[in-house]
Amino acid sequence: MRYLIALTTFGALLAGCATSHSPALYTLDTTPSAQAGSPVNITLGRLRIAESLLNKRILVKQSPTEIEYYATAQWAASLDELLREKLTAEFGPIDTARPSFDISGTLQAFEQVDTPSIPEAHVKLALEVRKAGESQYAPAALSKVYDVSLPVAEESAGGVVVALSTCLEQVARAIVADVVALQ
């Protein structure tokens, strides 16, 4: 009888451990915004991702020195892939009749930032712009850090993802304006 109780208890514990909750998966909204498009071709080259962002979970910056991640919310793909899709949608289709530029750089922040009032979505991209076909070792025509923060309308992982998508739309518009000014 004692063995039966122990076996039953062990079985119940094992069943409880086997039950897991799948994380909620998020992606960026890759529908081009109303301001999408560019009078020049812009393609995304090499994009490095800050080490803290290589984790598939969505980062939350609690203070200037403390971070955590959403426990049950994560990206559906690598941030490199998601940013590439979003920025490509914002820059618009390639037209061989237009001047072409390549951008590359580092994603330094892609996170929720906890503030005293309301959480914010924060995107920080350090980019270099070169004419298409130029070596990555050639001096950049432009080196700039794009840093955008927006309040999160809904305090949840989903709300943060929507705000991050909007931040990227703003970054894309700023990139287009800067690249057009290079001509």
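Among contacts in the protein chain (heavy atoms within 4.5 Å) between residues at least 6 apart in sequence, 69% join residues at least 24 apart. The model is predicted, so local features need pLDDT of at least 70 and side-chain atom pairs count only at pLDDT 80 or more, while totals for chains, interfaces and linings use all residues. Residues are numbered from 1 along each chain as its sequence is written, and side-chain values use heavy atoms, with hydrogens and water left out.

The protein chain holds three helices and seven strands, taken as DSSP runs (H or I, at least four residues; E, at least two) numbered from the N terminus, and their order from that end is α-β-β-β-β-α-β-β-β-α. Of its 183 residues, 37% are buried, that is, under 20% relative accessible area with a 1.4 Å probe, protein chains only.

| Residue | Relative accessible area |
|---|---|
| Trp75 | 2% |
| Phe110 | 1% |

Trp75 in strand E4 and Phe110 in strand E5 lie 35 residues apart, yet they form a tilted aromatic pair, 5.6 Å centre to centre with 45° between the planes; rings pair if their centres lie within 6.5 Å, and planes under 30 degrees apart count as stacked, over 60 as edge-to-face and the rest as tilted. Beyond its neighbours within four places in sequence, Phe110 also contacts residues including Leu28, Leu83, His122 and Leu168.

Conventions:
Buried means under 20% relative accessible area, exposed over 50%, partly exposed in between (1.4 Å probe, protein chains only). Rings of Phe, Tyr and Trp (its six-membered ring) pair if their centres lie within 6.5 Å; planes under 30 degrees apart count as stacked, over 60 as edge-to-face and the rest as tilted.
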